[in-house]
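Please keep the structure open as you go.

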Amino acid sequence: MTAQRLTGKPVAEKIRAQSAQLVQALREQDFTAKISVVVATKNEATAWYVRSIEKAAGVQGVECQVLRIPDAGQEQLAETITALNNDETVHGIILQTPLPDGVDAAKLVELIDPAKDIDGANPLSLGRLSVGQPAFAPATARSVIEILEHYEIPLAGEHVAVVGRSAVVGKPLAQLLLQRNATVSICHSRTSNLAHFTTAASVTVMAAGRANLLTGDDVAESSVVIDVGTNVDGDGQLVGDVHAASVEPKVRALSPVPGGVGTVTTALLILHAVQAATEVHALTGRKGEPMALRR
Ligand code: NAP
């Protein structure tokens, strides 16, 4: 049996089409969505990622302002976020990590207005998700759901094992899965006998950041595996958390790394920004899509 490859490209294309429709509706009323990305590092990987957001925004007709303030301190960053919250022309705020030494990231993300928190960084966004209120989920967590739904993998009533409990991936993903009536096991580094959970699951999502953590012995026959992990192996290659050579022959479907979850993330960030702008537009009394768009 050859496992189906759950590639991100068609999923990202579908999301971009959704954004394009909303952008067009906004444009017809002379309204442009705008994202601000706050970058306080000179980190190369970050610079590459930010360029990919700028490029994706440009292609979709979304304005993208990058505020480069290398080595900014707590106070300057807090002031920057507050100013962006108050700027009516800005609809989405991304505080890019890593942040300079000594900066308390948790305090800063709490400042981001949840209505502009397009990457679900403010704990209020996670809290709202967990009680079923509208909120933006972190783009990575939602990418997993978009992939599962695009490929029509059933979730309701299914056992999903999520390996990883971070606030950006594992925890919000667990909430999104619960909303879809999955039964969720959240596993982490202190879980004893991880395979007990992953072999019992019909869907396993790996978000641990440990290359080769999931092998063929750890999965159920004909289950589905989504690999969120991004690790660099000894040869400098990007690899996930899944030992694909042993997992692939056993499972029904597997998302690749690269080419899986990561491919969808930026498209979703842009969609969130456009949804935020549409929401503002609706609130200001003009035509727009309802808040129910955000999930
Ligand atoms: P993180 O904050 O380091 O969290 C990792 C989680 O995995 C923690 O909950 C940790 O448990 C758990 N874990 C670590 N080793 C484990 C083990 N041996 N067995 C079981 N659980 C283990 O990482 P993150 O930010 O959530 O990211 C997770 C992965 O996704 C990383 O590889 C990251 O690069 C990748 N990622 C990809 C994208 C994308 O767009 N593709 C975006 C974001 C992140 P404890 O809580 O007990 O420490």
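Leu177 touches Ile145, Leu148, Leu155, Val160, Val162, Ala182 and Val184, leaving aside residues up to four places away in sequence; a touch, or contact, means heavy atoms within 4.5 Å. Apart from the core around it lies another core, of 16 residues, with Ile69, Ala78, Leu95 and Ile112 among them.

Before going further, a word on what you are viewing: this is a predicted model, in which local features need pLDDT of at least 70 and side-chain atom pairs count only at pLDDT 80 or more, while totals for chains, interfaces and linings use all residues. Residues are numbered from 1 along each chain as its sequence is written, and side-chain values use heavy atoms, with hydrogens and water left out.

Which residues touch the most other members of the largest nonpolar core? They are Leu148, Leu177 and Ile226, out of 58 residues in that core. A nonpolar core here is a set of buried Ala, Val, Leu, Ile, Met, Phe, Trp, Tyr and Cys residues joined through side-chain atoms within 4.5 Å. Buried means under 20% relative accessible area, exposed means over 50%, and partly exposed is in between, using a 1.4 Å probe and protein chains only. Helix α10 (residues 261–283) gives the most to this core, with 11 residues. The core also draws at least three residues from each of domain 1 (29–113) and domain 2 (139–262).

Those two domains come from the domain assignment of the chain, with bounds taken from an automatic or database assignment. Their C-alpha centres lie 29 Å apart.

Helix α1 (residues 9–27) packs against helix α6 (residues 139–150) at an angle of about 105 degrees, and their axes are 10 Å apart. That makes α1 roughly perpendicular to α6, a label for angles of 65 to 115 degrees; under 35 counts as roughly parallel, over 145 as roughly antiparallel and the rest as oblique. The axes are lines fitted to C-alpha atoms, for helices over the stretch in contact, and angles run from 0 to 180 degrees between N-to-C directions. Helices (H or I, at least four residues) and strands (E, at least two) are DSSP runs, numbered from the N terminus.

On the α1 side, Pro10, Val11, Lys14 and Ile15 make the contact, and α6 supplies Glu146, Ile147 and His150. By type, the residues of this contact divide into four nonpolar, one polar and two charged. Ala, Val, Leu, Ile, Met, Phe, Trp, Tyr, Cys and Pro count as nonpolar, Asp, Glu, Lys and Arg as charged, and the others, Gly among them, as polar.

## Backbone details to look for

Two cis peptide bonds deserve a look. One runs from Thr97 to Pro98, with omega near 0 degrees, and Pro98 lies in the loop between β4 (92–95) and α4 (105–109). Another runs from Val257 to Pro258, with omega near -5 degrees; Pro258 lies in the loop between β11 (253–254) and α10.

Asn212 has a positive phi of about 65 degrees although it is not a glycine, and its place is the loop between β7 (203–206) and β8 (224–227). Asn212 is partly exposed, at 44% relative accessible area. Ser222, also not a glycine, has a positive phi of about 65 degrees and lies in the loop between β7 and β8. With 39% relative accessibility, Ser222 is partly exposed.

## A lysine in a strand

Is Lys34 buried or exposed? Lys34 is buried, with a relative accessible area of 11%. Lys34 lies in strand β2 (residues 34–39) and touches Val62, Glu63, Gln65, Thr89, Val90, His91 and Gly92, not counting residues up to four places away in sequence.
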